[in-house]
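Please open the model in your viewer and keep the selection tool at hand. The stops below are meant to be followed in order.

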Amino acid sequence: MASLLDFDRVEPPTPAEQTHSRPRVQAPTNGQLALQLPSEIPHLAIEPEWKSQQRLWGHSFHPMCSYLASFPAGLAHAFIARYTRPGDVVLDPFSGRGTTPLQACAEGRIGVGNDLNPFAHLLTAAKVDPPSRAEIKTRLASLRLVWAGAAGQWDRLADAAVAAPGSEAILVPGPGSTLGAPGQSAGTSVRPDAPLPIEVALAFHPRTLAQVLFLRSSLDADDRIDRFLLATLTGILHGKSGSYLSAVMPNTFSMAPRYVRDFVSRTDFHSPERDAFTLLEDKVRRLYRQPVPATRGIALLGDARDAGVRFRESLRARGLPERARLVVTSPPYLRVVKYGYYNWLRLWLLGYDASAIDDLLDDAHHRDAYLVFMREVLRGLRTALADDAVVAIVIGDVELDRGRPANGGIGLAESVWELAAAPEGYRLAGVAIDDIAAGRKMTKLWGDEAGQATKLERILLLSTGEGGRRRAINGASLPIDWDWPPKTPRRL
Ligand SMILES: C[S@@+](CC[C@H](N)C(=O)[O-])C[C@H]1O[C@@H](n2cnc3c(N)ncnc32)[C@H](O)[C@@H]1O
């Protein structure tokens, strides 16, 4: 059985995959997600229909950039379709690459995401508040024009940086600054000039590197159009096919900097020359295969522990309903993914230090600290929830902690219920269990044993009151429409 996690593939499906048969409406059948419920709780079954959809089911913005431990859009849809109506607010306090808020916006709901990782925030913000296709085209044309006049200068800089990588004498402009005039562009994302890290110099062909440096310094992450282009650029930065700018590492995550240095010197590897503008335009074309989402959402940058207050403030500021009817989220897994380290090249592009991001995030806790963290998150969230809100939390068991047996990683979802959710007054509607095939997903991260890093995933279905609990139970078996993109407007 496939995992909920989705970091194998991020490119559009082949025609063969497109023809994968999809029933229009699937009535739930029993059995695929077994439920473990205390005996007094009525049984309900959540059919994992998202697993029988084509791999890239959902809005065409979803595969903008790969993101470790993201869940499929179909999982978000299974809850959005059952538990909300158009106009309702849907929250995700750990939004990652923005799966829940984007799919909510694409279905006419108000999707609001929050993440403490600036890379995740960039992806979420780009997806829930995108520019029009015309705006993107105009901006790309003007960037090409500027590039045509300045290419020589950038080529010389790239050549000098490649010839003396890491040298303090060769400084490259930071994100959002301009060559020769550092710090003069608009926005808050201006970073000072700095030497080019050796591994970055090794990752690209010098001509491609010149374009990457130009785009990095020209794009302003605080501007809606540039933000979309920057997020798209992170998605094509590295990968093994001709659609990526560097071939030195896979698309799913960054290989360790030391590995990059060793690999390049051992194999005399030279990344092929790729045209950044052409690849960016190609990717933009694929992303805009579907109309932009029906509603505009909100992306917040911050700690999930106080996301509830910030969710309400941001919704109030836009004159929108302040309380959510649904949360679909997956918190960081217990010591499984280092979001900074595994994205160091993308974070360099954005001007962030990968280890500082890892210090910031709550992805390195042992069990007890994790449960305290989750309790604080659930406490903070209550303020932003409607009386009949449903809260779906995807939590993976963690069998191994960086290769060693994990302490308290098994039955983590049940512990989150007992020690984090119940004490904060939540009610339990059910716990769905998903058996993951060993050998998939985490394998690349921790070596041979890594296929067992997470074994079972559970979806905790919670509510804040009796109304929400009934809604959660009654809605679990509702048949939903899996046509995507929708052929007819969905029923209210
Ligand atoms: C399992 S991922 C979520 C993936 C998401 N469901 C998706 O489909 O892309 C967990 C996320 O939690 C974020 N995170 C870690 N600690 C956090 C904190 N204290 N507050 C908010 N977000 C945090 C990480 O940056 C990561 O994006």
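Leaving aside neighbours within four places in sequence, which residues is Gly96 in contact with? Gly96 is in contact with Tyr67, Ser70, Asp115 and Ala120, where contact means that the C-beta atoms of two residues, placed from the backbone, lie within 7 Å.

Before going further, note that this is a predicted model, in which local features need pLDDT of at least 70 and side-chain atom pairs count only at pLDDT 80 or more, while totals for chains, interfaces and linings use all residues. Residues are numbered from 1 along each chain as its sequence is written.

Stay with Gly96, which is placed in the loop between β3 (89-92) and α3; helices (H or I, at least four residues) and strands (E, at least two) are DSSP runs, numbered from the N terminus. Gly96 counts as buried because 24 other C-beta atoms lie within 10 Å, the terms being buried for 20 or more such atoms, exposed for 12 or fewer and partly exposed in between, with C-beta atoms placed from the backbone.

Now select the ligand and the 21 residues around it, of which Ser70, Gly96, Thr99, Asn117 and Ala304 come nearest; a residue is near a molecule if its C-beta atom, placed from the backbone, lies within 6 Å of it. This shell has eleven nonpolar, five polar and five charged residues, with Ala, Val, Leu, Ile, Met, Phe, Trp, Tyr, Cys and Pro counted as nonpolar, Asp, Glu, Lys and Arg as charged, and the others, Gly among them, as polar.

Next, show helix α2 (residues 73-83) together with helix α3 (residues 99-106), whose axes come within 9 Å and cross at roughly 55 degrees. Axes are lines fitted to C-alpha atoms, for helices over the stretch in contact, and angles run from 0 to 180 degrees between N-to-C directions. The angle makes α2 oblique to α3, since angles under 35 degrees count as roughly parallel, over 145 as roughly antiparallel, 65 to 115 as roughly perpendicular and the rest as oblique. To see the contact, select Ala73, Ala76, His77 and Ile80 of α2 with Thr99, Thr100, Gln103 and Ala104 of α3, a set that divides into four nonpolar, four polar and no charged residues.

Move on to helix α4 (residues 118-128), which is mostly covered, with ten of its eleven residues buried. Those buried residues, among them Phe119, Ala120 and His121, pack against α3, β4 (110-115), α8, β7 (298-301) and α12 (344-350).

From α8 (residues 224-235), turn to helix α5 (residues 133-163): their axes come within 10 Å and cross at roughly 80 degrees, and the two helices are therefore roughly perpendicular to each other. Glu135, Ile136 and Arg139 of α5 meet Ile225, Phe228 and Leu229 of α8, giving a contact with four nonpolar, no polar and two charged residues.

For the last stop, select Ser271, in the loop between α9 (257-267) and α10 (276-287). Ser271 is buried, with 20 other C-beta atoms within 10 Å, and, not counting residues up to four places away in sequence, touches Ala203, Phe204, His205, Ser246, Ala247 and Val248.
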